[in-house]
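Look at the model below before reading on. The paragraphs that follow begin with one term, then go from a single residue to the whole chain.

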Amino acid sequence: MSRQTRRTRREAPPADARNLSAKDLWSQVLKRLSEHPNATLQDPDYDPEPDRQKLRIAMRDAGWTDDQIDSLLQAQEERIAAAPSTSPGVAPHAEFIFGKLCDDVEAAMTRLGMDSHGRVARGIEPRLGPWAAKTNVIMTDESIVTVGAQLFRFCGVVARAFTRTVMLDPTAWESANYRPEDGVRRIRSRPDLLKYWLQIYLSYAVTGMHVLVPFRPSSPFEAILFEQVARAMELFATAHEFGHHHLDHGRAIDVTAARREEYEADQFALRICREIEKQPVLLENPYLSSGAGGLILLRAMRMLGRFEAKLDGVAERVTAHWETIDLGPTRGRSGPLA
Ligand SMILES: [Zn+2]
């Protein structure tokens, strides 16, 4: 019996009410996650001014003018004011980024003749680590697509390190004579960059956050490439989870099916990224249309996994608390880009 026919088909509810069970379940899950002592929630008394000053100084050091910094800070404030609220308590900036990514993915799905995204609720998990997940809502064909509150910062620092690595010698990486050992030699010639990469993986492996990574914003020269890489990584992660939902994944229990589903979700994400790139924002983004952004993210996740395995004893102490949370049988999948 096929996976589709095994499920009981229900009468379709009205279009504007097709994700109510998913929204309801998400509010229950969020409540439990938010009660956890390690929950990455924004402090209700958070004062943004000191961070704004730090950002101003770091951007001046990176080569931005005061006028440019002012307009960037203003745009950031407008984004925060306009952010949706799927997950009260998490940083509104993550809400804004995720809302925009989901809107882009859903618009591409609509253009491709799909409508399954009407049965998806969105959420930001207040958990450590660069997560993305799809959760099935039991007894329905609805899902919750979530990202961890730290995912976008992870994509940001990896995209920045990647941009700086590419710019060591922009033409060499694509040269017909390129050899991996030349790439390694090139990176080793810049101890500050090597240290930056190490700080990223060590920080996320040990703390699940970016706290050990120095804040070094992009320079005006790096900004476009950085934005392209980060956006391609973030869209791939989001589209991958929508793929699990659209393809009705996460209901089989055997390992072979799980591997096949990961492959299918990656293929779905590539298709969506290509479709999004048919309507480019300002400039064409080859990292999106080619799927390179997804590859950078998957490689970075794999590298983080290696660091976590090496630092198992250390990381365990930080993340052990999460093991005690029972998300119940409705939890379809969880884990970094599950
Ligand atoms: Zn997956």
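Predicted model: local features only at pLDDT ≥ 70, side-chain atom pairs only at ≥ 80, totals over all residues.

A residue is called buried if 20 or more other C-beta atoms lie within 10 Å of its own, with the C-beta atoms placed from the backbone. Is Leu 270 buried or exposed? Leu 270 has 20 C-beta neighbours inside 10 Å, so Leu 270 counts as buried.

Some of the surroundings of Leu 270 come from another part of the sequence. Leaving out residues up to four places away in sequence, Leu 270 touches Gly 291 and Gly 294. Ser 290 is 20 residues from Leu 270 along the chain, and the C-alpha atoms of these two residues are separated by 7.9 Å.

Now consider the chain as a whole. The protein chain has 13 helices and three strands. Of its 338 residues, 37% are buried. Among the contacts with a separation of 6 or more, 71% are between residues 24 or more positions apart.

In soluble globular proteins, nonpolar side chains tend to be buried together. The largest nonpolar core in this model has 65 residues, and the members that touch the most others are Val 158, Val 229, Met 233 and Cys 273. Which helix gives the most to this core? Helix α9 (residues 223–246) does, with 11 residues. As for Val 158, its contacts are Ile 200, Ile 296 and Ala 300, once neighbours within four places in sequence are set aside.

How values were computed. Residues numbered from 1 in each chain as written. Helix = DSSP H or I, 4+ residues; strand = E, 2+ residues; numbered from the N terminus. Buried ≥ 20, exposed ≤ 12 C-beta atoms within 10 Å, placed from the backbone. Contact = placed C-beta atoms within 7 Å. Core = buried A, V, L, I, M, F, W, Y, C linked by C-beta atoms within 7 Å.
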